[in-house]
Amino acid sequence: MEANAVVCGDGRCDSPGHSAKLLVYPVMDHSSGRIFHLEFCDKRQVQGHSPTMEKMACRNAMRHLVVNEHKTIAELVTDASSSISKMMREDPDLSKIHHSFDVWHKTSRLTKALMKVGCFQS
């Protein structure tokens, strides 16, 4: 990983919705496409509340890279998760890392909103 790397992360659950039991959170270097870390989370680690698995996995992955492996990360790109945004602002080890949202999630949400109001047709 180069100094001041831009990394991307996104959680994948074993099933959609609130019934997910397992989640894997890969952290990938944006420029090389190389996976730097995989974090696994079980629903039991978050007191049975599956929506918080992604936040926990992201925090554990980023803290592993920054604190344990002493990686210099300039930016983390994720989906538009408000809980991850808050975590990145408030965690003293991660607050210096710029957090941004990926374009795919932004355009996907915009397209859905426009289709809902009838301004756009596929």
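This report describes the fold, the core and selected residues of one protein.

## Basis of the model

The model is predicted; local features need pLDDT of at least 70 and side-chain atom pairs count only at pLDDT 80 or more, while totals for chains, interfaces and linings use all residues. Residues are numbered from 1 along each chain as its sequence is written, and side-chain values use heavy atoms, with hydrogens and water left out.

## Overall fold

The protein has three helices and six strands. Here helices (H or I, at least four residues) and strands (E, at least two) are DSSP runs, numbered from the N terminus. Along the sequence, these elements follow the pattern β-β-β-β-α-β-α-β-α. The C-alpha trace spans about 50 × 35 × 25 Å along its principal axes.

Of the 122 residues, 34% are buried. Buried means under 20% relative accessible area, exposed means over 50%, and partly exposed lies in between (1.4 Å probe, protein chains only). Contacts are counted between heavy atoms within 4.5 Å. Among contacts with a separation of 6 or more, 46% join residues 24 or more positions apart.

## The nonpolar core

A nonpolar core is a set of buried Ala, Val, Leu, Ile, Met, Phe, Trp, Tyr and Cys residues joined through side-chain atoms within 4.5 Å. The largest such core has 23 residues, of which Tyr25, Met62 and Ile97 touch the most other members. Two or more residues each come from β3 (22-29), β4 (35-42), α1 (53-68), β5 (73-78) and α2 (82-90). The greatest contribution is that of α1, with eight residues. In soluble globular proteins, nonpolar side chains tend to be buried together.

Which residues does tyrosine 25 contact, leaving aside its neighbours within four places in sequence? Its partners include Gly9, His37, Leu38, Ala57, Cys58, Ala61 and Ile84.

The 16 residues of α1 should span 22 Å at 1.5 Å a residue, and the end C-alpha atoms are 21 Å apart, which agrees. The expected span is 1.5 Å times one less than the number of residues. Among the buried residues of α1 are Met53, Glu54, Ala57, Met62 and Val66. The cover over the buried residues of this helix includes β1 (5-9), β2 (12-13), β3, β4, β5 and α2.

Leucine 65 lies in α1 and is buried, with a relative accessible area of 0%. Beyond residues up to four places away in sequence, leucine 65 touches Val27, Phe36, His37, His70, Lys71 and Ile73. The phi of histidine 70 is near 55°, a positive value in a residue other than glycine. Most residues other than glycine have a negative phi.

Strands β5 and β6 (residues 98-101) run parallel and are joined by four bridges; two strands pair if DSSP finds at least two bridges between them. Leucine 76 stands opposite histidine 99 in β6. Together, β5, α2 and β6 make a right-handed β-α-β unit. Right-handed means that, with the strands pointing away from the viewer, the path from the first strand over the helix to the second runs clockwise.

Leaving aside neighbours within four places in sequence, aspartate 91 is in contact with Arg59 and Arg63.
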